[in-house]
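Dear colleague,

I am passing the structure below on to you, together with some notes on what I found in it. Please read the notes with the model open beside them.

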Amino acid sequence: MPLESEKTKTASGAGSIAAVNPLAADPELLSDFILESREHLTSIELQLLTLDQEPTNAEAIHAIFRGFHTIKGMAGFLDQDAVRDVAHEVETILDLARNGQLAITPAIIDKILESKDYLNRCLAGLEPALESGNLPVPPDNIALLAAIRSLGSNPAGETQPAGPAGDVSPPALEPEAAAAPQAPPEPATAGLSELARVVSQVVAQVAAQVVAEAPAEAPVESGLPADSAEGPRANAARASGARSIKVDTAKLDYLVDMVGEMVIAQSLVHHDPDLAINGKARLGRNLSQLARITDEVQRTAMSMRMIPVGQLFQKTARLVRDLSRKAGKQVDLELFGEETELDRNIVEDLADPLMHMVRNSVDHGIEMPAVRAQSGKPSTARVTLRAGHQAGHIVIQISDDGRGLDQAKILRKAVEKRLVSPEAQLSEGEIFNLIFHPGFSTADQITDVSGRGVGMDVVRKHVQKLRGRIDVISRPGQGTTFLLKLPLTLAIIDGLVVGVGGQRYIVPIFAVREMLKPPEDSISTLQGRQEMAMVRGSLLPLVRLHQRFGVKPRFENPWESLLIVSESRGKQFCLMVDELIGKQEVVIKSLGETMANIAGVAGGAILGDGRVGLILDLEGLFGASNGE
Amino acid sequence: MATIGQSTPASQKVDRRTGKYLTFALGNEEFAIQVLGVREIMGIQEITAVPQMPAYVKGVLNLRGKVIPIVDLRLKFDLPELEYTQRTCIVVVQINGPSGKLQIGIIVDGVSEVLTLQAADIEDTPDFGNGVQLAYILGMAKIKNKVKILLDINMVLNAQEVQSLDGIAG
């Protein structure tokens, strides 16, 4: 596909190379450029981190080279000179490296990462131009260019006898790599040389793509078992070998909607009373078959929204590297269960809290190498990210083998900040939970990365928004583990379908503590207005759903109705409904923007008979009734 | 592509009121809305009530997996509420909401026909002289001695509608 689009670009470009390049402002080409470059930069970062571990990994060097090379080609084509120049300099360095004339050092990787960040900034700056049509001035890159150049010149001279270091002869596939340094970009040069440059770039790009395709094919043909290759290589093969297409998320959502409708229609047919006549075994069999298939289709449709959590984990790899170098600590990051799949939206919303927790671990959890040596630990610390399934949930675990949480210090700080009274007797778990309190931070010094006082409370808020929970386990001197428990998907919840009058509502099951039919003498009133129910020895406020929603109920007396004991912001209360109808997994639908902020309603869901039921937001319900 | 894009608004400026209309009844009056905005017409169905909404918002409905709000046009126009019958219809229209297109169902007494209206058929709304704001009425059409009121359904449901809904929600 990309090959095709390159060709069309050349065809239309050939006639218009003259003075101003009209293609440079073409929003479609530009957005393609941004999208493709971003993808390349992402894979470049991954490969760089691999290279950081094994500086001689030729595969990784090649992959990074190809990435920058493609970006350079596209940028040159679109007159993105700043991007092109940086990509070009990096490419020169990488070219030296892959010809064995330059050894990859952490300093080089740092610079390349920096360049990658620079390119990302350029791309971000370009984005608004898509709408306005005004191309922005790219960020200053002179210092960066010089820094990259100096990397190449110094060690190249010292390192090896490789005589003609000056004119590196690149492989025939990329004629342009050699041509560009000799012909610095001059906008005023005649059309001919410009044409030559464009053509050579396109040729190089096509060649690079051919090269890129090749490794994907190789393992298939050779028939070698993939797991025989070492880690990073297998990774690279998987990345390029995974056949995938891009689909608009709106289309996907529509498919999921339609499949949901199909399941409903199928179940309506299946339970049609006219079909429940004896002696229709074949019909029954066929219907069951249909049910199985629709079930399977639904599961497949839902799974399309899922992406592996590995992408998220890999983002932290860069963070750990940068942080540990900055702080002078040695940290190994280990990832497990990267293939565990999570809803796309959850993965996106999880990025910030995860980064924050990893930051916390490296910054506060892990000691300096000297301190570690004193306490008999290996000087290189270990941060582990682990994802897996557990009882219908996804559990993500962030562990470090650092100093652990200091209970006494947390308690002292909490008392200082008047979060707890000095006499309070707290359990270990309660003390650890204090770190999730707004404005709490144990770092004595404020560092660049964390310790600004905003931290774990934001993490917890994020996680709760995703309907998950977070726990801490910590042993002094042995490390800290954060446990995140998240739902598989945001799109579906387990709900109790309850009835009030003629209406049906869905109560999210995670909010339900218990359900009961209260005895008459357990109901009391406060000042004749506020009702309370005695449940297991504690008095809980009673909220009548029919009153809140203005529905005529079937039962006016609490002892005839059903009470749902629920918790909202740490306080329990009882919700009064007529009856429990059943339990159902429902797909959450928005009611649209005009009905977005109704107190007590979280959304809508399609019930088994195709009608809409409202999903209750218990926190909102209780909050609103409290406000009265 | 570009030329088509330019010509459409130009011709609309001449008289954007001409074109095909779907006519429906509310009480004794006949109304018409532009067919372009109509997505589908269906019989009355069971609607799920939503709390804290104005009376004319009857609730929400499942339209092939999408939850759409339903407005009773009678109540919206302050006409007396009527029991729904076999003839009662829900017309699903697409309007421009504050952030993108959205579909809304409107309940009408019954759908009549689709008419093609020429510029000559359409008259401007008469000035009632009492400061009545009728921004949502595009004009009047006289067809076979019956007056059809041309509605700008976007204005009917959107401008005042969304504001009032927001006020309630906030």
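**What the model shows**

In chain B, Thr23(B) stands opposite Ala32(B), which belongs to strand 2 of that chain.

Strand 1 (residues 19-26) and strand 2 of chain B run antiparallel and are joined by six bridges. The two strands form a hairpin with two residues between them, and Gly27(B), in the turn, has a positive phi of about 60 degrees. Strand 2 (residues 29-34) of chain B is also joined to strand 11 (residues 146-151) of chain B, here by four bridges and with the strands running parallel.

Taken as a whole, chain B has three helices and eleven strands, and from the N terminus on its elements run α-β-β-β-β-β-α-β-β-β-β-β-β-α. Of its 170 residues, 31% count as buried. Among the contacts in chain B with a separation of 6 or more, 54% are accounted for by residues 24 or more positions apart.

Turning to where the two chains meet, the contact takes 26 residues from chain A and 22 residues from chain B. On the side of chain A that touches chain B, at least two residues each are supplied by helix 11 (249-270), helix 19 (545-549), strand 17 (601-606) and strand 18 (612-616) of chain A. Helix 11 of chain A gives the most to this side, with four residues. By residue type, the side of chain A that touches chain B divides into eleven nonpolar, nine polar and six charged residues.

The largest nonpolar core has 75 residues, of which Val543(A), Cys574(A), Leu575(A), Leu616(A) and Val60(B) touch the most other members. Apart from that core lies another, of 38 residues, which includes Phe33(A), Ile64(A), Ile104(A) and Ile112(A).

Is Gly582(A) buried or exposed? Gly582(A) counts as exposed, because it has 12 C-beta neighbours inside 10 Å. Gly582(A) has its place in strand 16 (residues 579-589) of chain A, and its C-alpha atom is separated by 9.6 Å from that of Gly499(A), 83 residues apart from it along the chain.

Finally, a word on confidence. The model scores ipTM 0.76 and pTM 0.56. Chain B averages a pLDDT of 80, and 80% of the residues score at least 70. Over residues 1-13 of chain B, however, pLDDT stays under 50, and the model has zero contacts beyond four places in sequence for them. The pLDDT is also below 50 over residues 161-170 of chain B, although this stretch has twelve contacts in the model beyond near neighbours in sequence. Where pLDDT is low, the predicted coordinates should not be read in detail.

With best wishes

Note on methods: Residues are numbered from 1 along each chain as its sequence is written. Chains are lettered from A and ligands numbered from 1 in the order in which they are written. This is a predicted model: local features need pLDDT of at least 70, side-chain atom pairs count only at pLDDT 80 or more; totals for chains, interfaces and linings use all residues. A residue is buried if 20 or more other C-beta atoms lie within 10 Å of its own, exposed if 12 or fewer, and partly exposed in between; C-beta atoms are placed from the backbone. Two residues are in contact if their C-beta atoms, placed from the backbone, lie within 7 Å. Ala, Val, Leu, Ile, Met, Phe, Trp, Tyr, Cys and Pro count as nonpolar, Asp, Glu, Lys and Arg as charged, and the others, Gly among them, as polar. A nonpolar core is a set of buried Ala, Val, Leu, Ile, Met, Phe, Trp, Tyr and Cys residues joined through C-beta atoms within 7 Å. pLDDT is the predictor's confidence in each residue, from 0 to 100. Two strands pair if DSSP finds at least two bridges between them.
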